[in-house]
Amino acid sequence: MAHPTFNLVEEPWIPVATKNGNTELSLRDLFARAHEVKGFNEPSPLTYVSVARFLLAITHRALNGPESPDEWVELWQKGRFDPAPFEDYVATWRHRFDLFDPEKPFAQAPLSEFSPTEKTKPLSKLALELASGTNPTLFDHTSDDGEVFISPAEATRMLLAAMNYGFGEGGIYRDTTLVRFMSFLVEGESLFETLLLNLQTYVGKSILGARALPNLDAPWWETDAPLTETKDETLPLGLTDHLTRRGRKVHLQLNDNQQIVGMLYRPGIAFDSSRERSDPFFAWRTSKDGSLTPMRFRLGRALWRDSEVLFQWKSDEGSGNAVGIRPSFLDHLEEVAIAMADRLELHDDTKPLPHLKIMAFGVLPKSGRAAVDLWRMEQLPLPVALLRNRELVATLRVALEFAEDAARALKSAGRRLAMSLLTEGDRSPDKNDVANQLSQLRLDERFWPPLELQFHRFLTDLDGQNREERLFMWMDEVLRLTKRAYDDAAHVVGVDARSLKAQMMGLRTLHRGLKELQEQHDQKKAYVEGDIAS
Amino acid sequence: MTDTQTRTHPLIGHLTRLVAEDDRAALAALRRGLGRPPGEAPELYPHVAKYFPQETSSRNYENAMFTVAALFGMFPNHRAEAGTPFKVLRLLDLESDSTERRVLSVLNADTETLPTHLRHLFALIRSHGPDRHLDYGDLLFHINQWDHPDRWVQRRWARDWWAWSVPIEPDAEPATGPSDSATEEVPD
């Protein structure tokens, strides 16, 4: 039987959504049709972001740019990729994109680079979503004992995800680039727009700050760099090397029917993602002690509550006002927006930026374990004005603090209700019982999810003209939802006299807790109404 | 706001006219309803029955009217929007364990035992605040709604006792007022 081949340049493997339905495209077709494609149709957030980063690397290399925001704007204006540079690029490197090449299989190491005694591992190890060993999930029942067949297209996507998402398990394995932290991408209205919006100024130099030698950056398939198992960290050559870092060394194994049934799996090239500005698609939060840590998903806390980090005003970074560092690719987006505004003054036909979304991808590991609790993809509207307008960012911060203060008042009220309910005579209730009663009230569930909906509206509608009015409306919503959340929780406690008493004691606490927020709200209302009247 | 601007239930209008006319015999007759199940004191019928709702027959509503009439005989101080009995109690500053127990008893009462508990409560109010007023129109509505599955009346009264400083949100409760069609203006 002839040796199998699956070349990513020609074979369809990238799942996309088009106006005619869902399909899979090859590399060649993807870049030729990116303007017709709505977006990726990949249900796994980990695979989504991994494929996107891989494609961004190719885009930068094929274009050898964009070298400036102005050049970016010219690319944007075209509305589609010129297929020629992409065709040249994939033709040049086609031999490195065959999944089953015996010498240099795509994203893998050849069999000769593994010990003859290396044991086959289940394919499920490639994807954190699949059940394997310590990471059971709800979505798959693949067991380590059963044989799993996956298609070459699936294997390609899983390989790309595995390079980015693998836990350090102690011993020889280290965490891969993205596994512990949140990574971001911006989405446009087509795949062309999405790819372009996530590009950065690129002149072949390293932009990760590690080195500044020109023309040194390249992804692994261009350099023939070996896929070595390194415990010590290797700094990337530059952006595209970083985006395509192979955190694991894999070799896919076929059965007699040439189906992919297993793999060899070893550590890959190590990199410490936690250092400051290690990745242009990470954001960093300032801790109380002033140190910076990359943002990560937190259980019970949606992304939007920390969105002020995403919109951190660049010149405030490092100052006492800073809450962190926004992803540096947003800095490029800001520059692009300025370049676009400049162009618009001279050319009426300037195609504006569409309504953008920013998406966050990642996993929530189980505490202290190399296992996934859950994986997440969240999105927020991304008004470009927020990247450029300091007052809007300040308004955003006020809005978020208002919500957090209201949540604290709500929690205090809930605690008071719980304590009153459990108090017998002069005896104070056991604090564990109070905590238990408080959790049964489910105040967070009643408050945060409906508020998130309102926040999306607030963010979408916020602009330089209306920020005071929007802020007032936001405050109004927060107060209304706080009171409703308390009411809804109180209603389920019970309707006998003692329960009613407890509810009213909690209500008093809520009223006291919201007093200052109510005053802020009333002041804002008076200001807005005065403004409207004048 | 003057009383001529207040539209109120015709029963309440009638009861306040008894006070205005100083009809002590009538008030004494109303008091005969205290301590007896609603509708079992014939002395109340001349004052109450003519205001029964015409379109529908509601035993619950009729009983509420008897209860309110009897309590009025005991404490004949109505003013619209004066508040619930618990609000009046709160204003009398009678916070104590025994008052709290009385409050809890009222809240735990069902429609059958409510008249008895209210009688004790009104006795307390009368002895400490003979010049106070409460809204008998609301009281009639609240007693009629006492069995509402939401227990909104009990919540309202509980708020008046324990969380009186917290303003009530607009539309937080059903609109108070007579539940039948007839209303009349109460003269000054």
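How many helices and strands make up the secondary structure of chain B? Chain B has 9 helices and 2 strands, where helices (H or I, at least four residues) and strands (E, at least two) are DSSP runs numbered from the N terminus. This is a predicted model, in which local features need pLDDT of at least 70 and side-chain atom pairs count only at pLDDT 80 or more, while totals for chains, interfaces and linings use all residues. Residues are numbered from 1 along each chain as its sequence is written, chains are lettered from A and ligands numbered from 1 in the order in which they are written, and side-chain values use heavy atoms, leaving out hydrogens and water.

**Chain B overall**
- Along the sequence, chain B reads β-α-α-α-α-α-α-α-α-α-β.
- Of its 188 residues, 50% count as buried (under 20% relative accessible area; exposed is over 50% and partly exposed in between, with a 1.4 Å probe and protein chains only).
- Among contacts (heavy atoms within 4.5 Å) in chain B between residues at least 6 apart in sequence, 76% join residues at least 24 apart.

**B:Arg126**
- B:Arg126 belongs to helix H7 (residues 114-128) of chain B.
- The residue is partly exposed, its relative accessible area being 39%.

**A:Thr223**
- Helix H7 (residues 220-223) of chain A contains A:Thr223.
- With a relative accessible area of 33%, A:Thr223 is partly exposed.
- Not counting residues up to four places away in sequence, A:Thr223 touches A:Ala218 and A:Leu237.
- A:Thr223 and A:Met163 lie 60 residues apart in sequence and 18 Å apart in space, C-alpha to C-alpha.
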